[in-house]
Amino acid sequence: MEITSRLLVANWKMNPRTRAEAKELILAVKKQARVPSGVEVVIAPPHVYLDEVEKVIRGKFSLGAQAVSGEKMGAFTGSVSAGMLQSVGVTYCIVGHSERRAQGETDSEVEKQLTSLLKSGITPILCVGERERDTHGKYFGVVEAQLRSALRVFPGSRLAQLVIAYEPIWAISTATPGARVATPDDAHEMIIFIRKILTDLFGRTQAGKVRILYGGSVDQKNSTALLAHSGAQGFLVGGASLRPSDFVTILKTLHAR
Ligand code: PGA
């Protein structure tokens with residue numbers, strides 16, 4: 001199956017500072033954005049702004065969350081379950097982002113989170129990516145291990161509800177001062193590799209249903225080349241998603257084939 005739809009995900013991270021600013025930001029994005037057919041835009045604000053953002057984007061963009069607990073409910077102070085996210089209108093959720101893995105999130109937690117999101121009908125956006133590139137290609141092994149561990153019990157029949165974001169940590173703007181964006185070739189070789197691992201795990205037909213995004217310093221200047229040559233079906237955007245006109249310029253490059 002050839003995937004013709006494309007996805008643009010705004011990962012606001014821990015921004016902006018207040019609810020009023022969040023409202024201002026989403027109103028500006030909504031006003032400027034025309035969503036081309038075959039393209040879906042997901043806005044993932046901090047949990048406390050989900051409600052506010054949902055009211056503004058309803059019917060135009062989809063609502064995403066940046067994190068979820070793998071637990072159902074109960075004594076887990078500070079945590080938010082997939083069921084709770086679903087009840088406020090969330091349909092996508094980022095899982096295994098490197099900034100959360102750096103805070104101690106483990107592979108087995110990532111696996112549990114995927115399972116609970118699927119149960120709640122939320123599409124997971126599973127982030128994978130190496131810390132650095134070596135000349136011997138060890139970084140392929142890093143991404144392979146992340147994928148195999150996260151998808152150990154993932155049902156092949158649900159792969160159309162899985163999104164994978166390849167985010168090399170060395171290219172994430174906030175993680176690395178002076179980060180360099182991956183070249184379209186860097187992204188392309190890893191996207192092919194990810195598809196190969198998915199094929200090993202689930203077979204070719206099922207593997208073809210997974211949408212693979214690129215993330216890491218995507219902006220209004222590099223998005224056209226990245227989209228044309230990386231094989232990605234869209235982007236996970238951090239910094240540029242906080243600048244409405246830049247985000248909208250990226251969106252314009254995503255015309256479906
Ligand atoms: P960036 O972040 O676009 O600011 O590099 C991307 C991400 O971490 O999801």
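Start by selecting Arg-131: it is exposed, with a relative accessible area of 55%. (Buried means under 20% relative accessible area, exposed over 50%, and partly exposed in between, using a 1.4 Å probe and protein chains only.) You're looking at a predicted model, where local features need pLDDT of at least 70, side-chain atom pairs count only at pLDDT 80 or more, and totals for chains, interfaces and linings use all residues. Residues are numbered from 1 along each chain as its sequence is written, and side-chain values use heavy atoms, with hydrogens and water left out.

Stay with Arg-131 for a moment. Arg-131 sits in the loop between strand 5 (123-128) and helix 6 (138-150). (Contact means heavy atoms within 4.5 Å.)

Next stop: the ligand. Which residues are closest to the ligand? Of the 13 that surround it, the closest are Lys-13, His-97, Glu-167, Ser-173 and Ser-217. (A residue is near a molecule if one of its heavy atoms lies within 4 Å of it.) Zoom in on His-97, where a polar side-chain atom lies 2.8 Å from an oxygen atom of the ligand. Asn-11 also has a polar side-chain atom 3.3 Å from a ligand oxygen, and a polar backbone atom of Gly-238 is 2.9 Å from a ligand oxygen. Taken alone the ligand exposes 280 Å², and the protein buries 99% of that. (These areas come from the Shrake-Rupley method with a 1.4 Å probe; for residues, only the protein chains shown count as cover.)

Lys-13 has a positive phi of about 55 degrees although it is not a glycine, and is found in the loop between strand 1 and helix 1. Is Lys-13 buried or exposed? Lys-13 is buried, with a relative accessible area of 16%. Ser-217 has a positive phi too, near 60 degrees, and counts as partly exposed because its relative accessibility is 21%. While you're in the loop between strand 1 and helix 1, find Pro-16: the peptide bond to it from Asn-15 is cis, with omega near -15 degrees.

Now go for the inside. The largest nonpolar core has 69 residues, and Ile-43, Leu-126, Ile-194, Tyr-214 and Phe-235 have the most contacts inside it. (Such a core is a set of buried Ala, Val, Leu, Ile, Met, Phe, Trp, Tyr and Cys residues joined through side-chain atoms within 4.5 Å.) Colour helix 7 (residues 184-202), which gives the largest share of this core, 8 residues. Then click Ile-43, which touches Trp-12, Phe-61 and Phe-247, among others, not counting residues up to four places away in sequence.

Last, select helix 10 (residues 244-252), where the buried residues include Phe-247 and Asp-246. Asp-246 counts as buried because its relative accessibility is 15%. Leaving aside neighbours within four places in sequence, Asp-246 is in contact with Gln-220 and Ala-240. To see what covers the buried residues of helix 10, show, among other elements, strand 1 (6-11), helix 1 (19-32) and strand 2 (39-44).

Terms used. Helices (H or I, at least four residues) and strands (E, at least two) are DSSP runs, numbered from the N terminus. A polar contact is a pair of N or O atoms within 3.5 Å; within protein, one must be able to donate a hydrogen and the other to accept it, and residues adjacent in sequence count only if both atoms are side-chain atoms.
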